[in-house]
Amino acid sequence: MTVNELEVLRNKVDEINLQILRLLNERAVVVKAIGQQKNLQGTKRFDPVRERQALDMIAANNEGPFETSTLQHIFKTIFQASLELQEDDNRKALLVSRKKKQENTIVDVKGELLGNGTQTFVMGPCAVESYEQVRVVAQAMKEQGLKLMRGGAFKPRTSPYDFQGLGIEGLKILRQVADEFDLAIISEILNPNDIEMSLEYVDVIQIGARNSQNFDLLREAGKVNKPVLLKRGLAGTIEEFINSAEYIISQGNDQIILCERGIRTYEKATRNTLDISAVPILKKETHLPVVVDVTHSTGRKDLLLPTAKAALAIGADAVMAEVHPDPAVALSDAAQQMNIPEFHKFMAEVKGFRDALAGAQLVR
Ligand SMILES: C=C(O[C@@H]1C=C(C(=O)O)C=C[C@H]1O)C(=O)O
């Protein structure tokens, strides 16, 4: 074969490559249209029966020289890529996505803004135990100029025999103290039927990790005019987390705060594994503010400060941690809550760090 002949053949291959390229993209346009039809009909994107028919058609019409199995493999790859294309389209359509809305959603909790670029803190006891206990924490928070107080009245505990929270009495205590100190209350609601009732007491409805995929609860929270703090599931992927937020926004409520609280992995040195990279991913993929709960993710007091700094450095809108007047006697999470002096020390450090970061960003 002469150099010239090789060149001619290669030119032919180039020509065919371009034809295949054009055909593949033509096919992609049709596949996307099929995906939209499926969306409208609410049917699944993956259709194995249809794929089997298509592969059988390849087998019946193959005249070689390629083996049928080789061609079927190639076509299966095309089907797979087509499915991904349909999924991309679907993801684009999510109301919580950046693609849908470019600018940050700013959640206004009684005047405290989340998502506007400033970084803030959510503090408070794990569980409400008494008026006095909440009051002491509120007083300390006020001294630090903080506004957002967390506190559990309905506690989803691993064991049914552990303290389950004070329920509505707990919500009343939180409201009373919040009004006294002009704080805003974030508290978990477990039951969809309690959402309506909670509006009177809380400023932010929390949906906890265990309920991250309780779709009835998510939908109910989506129907009210109150911010929702949604925690990532115990073993939830980021995609599942985003879809949980979509359940809320799909009902009309876009006042959603996402909370990374660690995920279950094989690592036992911490209570959960803090997935710090989830923060920039969530900020990139969605327009919602992101909070990092350093208490539940680490379960260790000695890690609160370094993880809080990491959260601020990576761009979290707020850091959440637990404070208790006397953690040793706390009815839940005794090992991981800060006492009041520890809280003041923690705040001094994180505020300094936050302000230094803000200064550095201005200079940049
Ligand atoms: C395009 C469709 O969706 C998917 C992709 C297919 C393809 O690329 O040919 C086939 C079946 C489905 O898994 C379809 O259902 O026709």
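Is valine 128 buried or exposed, and what is its relative accessible area? Select valine 128: it is buried, with a relative accessible area of 0%. Buried means under 20% relative accessible area, exposed means over 50%, and partly exposed lies in between, using a 1.4 Å probe and protein chains only.

Before moving on, some ground rules. This is a predicted model, where local features need pLDDT of at least 70, side-chain atom pairs count only at pLDDT 80 or more, and totals for chains, interfaces and linings use all residues. Residues are numbered from 1 along each chain as its sequence is written, and side-chain values use heavy atoms, with hydrogens and water left out.

**Stop 1: around valine 128**

Stay on valine 128, in the loop between β3 (120–124) and α4. Helices (H or I, at least four residues) and strands (E, at least two) are DSSP runs, numbered from the N terminus. Now show the contacts of valine 128, leaving aside its neighbours within four places in sequence: Gln133, Val134, Gly151, Gly152, Phe163, Leu166, Gly170, Ile173 and Leu174. Contact means heavy atoms within 4.5 Å. Then draw a distance to asparagine 339, which is 211 residues apart from valine 128 along the chain; their C-alpha atoms are separated by 15 Å.

**Stop 2: α4 and α5**

Select residues 131–143 for α4 and residues 168–181 for α5. Their axes come within 10 Å and cross at roughly 30°. Axes are lines fitted to C-alpha atoms, for helices over the stretch in contact, and angles run from 0 to 180 degrees between N-to-C directions. The two helices, α4 and α5, are therefore roughly parallel to each other. Angles under 35 degrees count as roughly parallel, over 145 as roughly antiparallel, 65 to 115 as roughly perpendicular, and the rest as oblique.

α4 passes α5 in a right-handed crossing. A crossing is right-handed if the near helix is turned clockwise from the far one by less than a right angle, and left-handed if anticlockwise. Show side chains next. From α4, the contact uses Tyr131, Val134, Arg135, Ala138, Gln139 and Lys142; from α5, Ile173, Leu174, Gln176, Val177, Glu180 and Phe181. By class, that contact of α4 with α5 has 7 nonpolar, 2 polar and 3 charged residues. Here Ala, Val, Leu, Ile, Met, Phe, Trp, Tyr, Cys and Pro count as nonpolar, Asp, Glu, Lys and Arg as charged, and the others, Gly among them, as polar.

**Stop 3: the barrel**

Colour the strands. A closed barrel of 8 strands runs β3-β4-β5-β6-β7-β8-β9-β10, with parallel pairing. Two strands pair if DSSP finds at least two bridges between them. Neighbouring strands of this sheet are turned by 25° against each other on average, direction ignored.

Zoom in on β6 (residues 204–207), which pairs with β7 in the parallel sense over 3 bridges. Isoleucine 205 has valine 228 of β7 as its bridge partner. Isoleucine 207 has leucine 230 of β7. Then select β7 itself, residues 228–231. Both of its faces are covered: Val228 and Leu230 are buried on one side, Leu229 and Lys231 on the other.

**Stop 4: α7 and α8**

Select residues 215–222 for α7 and residues 238–249 for α8. These helices pack at an angle of about 45°, with their axes 6 Å apart. α7 and α8 are therefore oblique to each other. Phe215, Leu218, Arg219, Ala221 and Gly222 of α7 make the contact with Ser244, Tyr247 and Ile248 of α8. The residues of this α7 contact with α8 divide into 5 nonpolar, 2 polar and 1 charged.

**Stop 5**

Most residues other than glycine have a negative phi, and most peptide bonds are trans. Which residues are joined by a cis peptide bond? Glycine 64 and proline 65 are, with omega about 5°. Proline 65 sits in the loop between α2 (48–61) and α3 (68–92).

Go to lysine 110, in the loop between β1 (107–109) and β2 (112–114). Lysine 110 is not a glycine, yet has a positive phi of about 45°. Lysine 110 is partly exposed, at 36% relative accessible area.

Finish at aspartate 182, in the loop between α5 and β5 (184–188). Its phi is positive too, near 55°. Aspartate 182 counts as partly exposed, at 39% relative accessibility.
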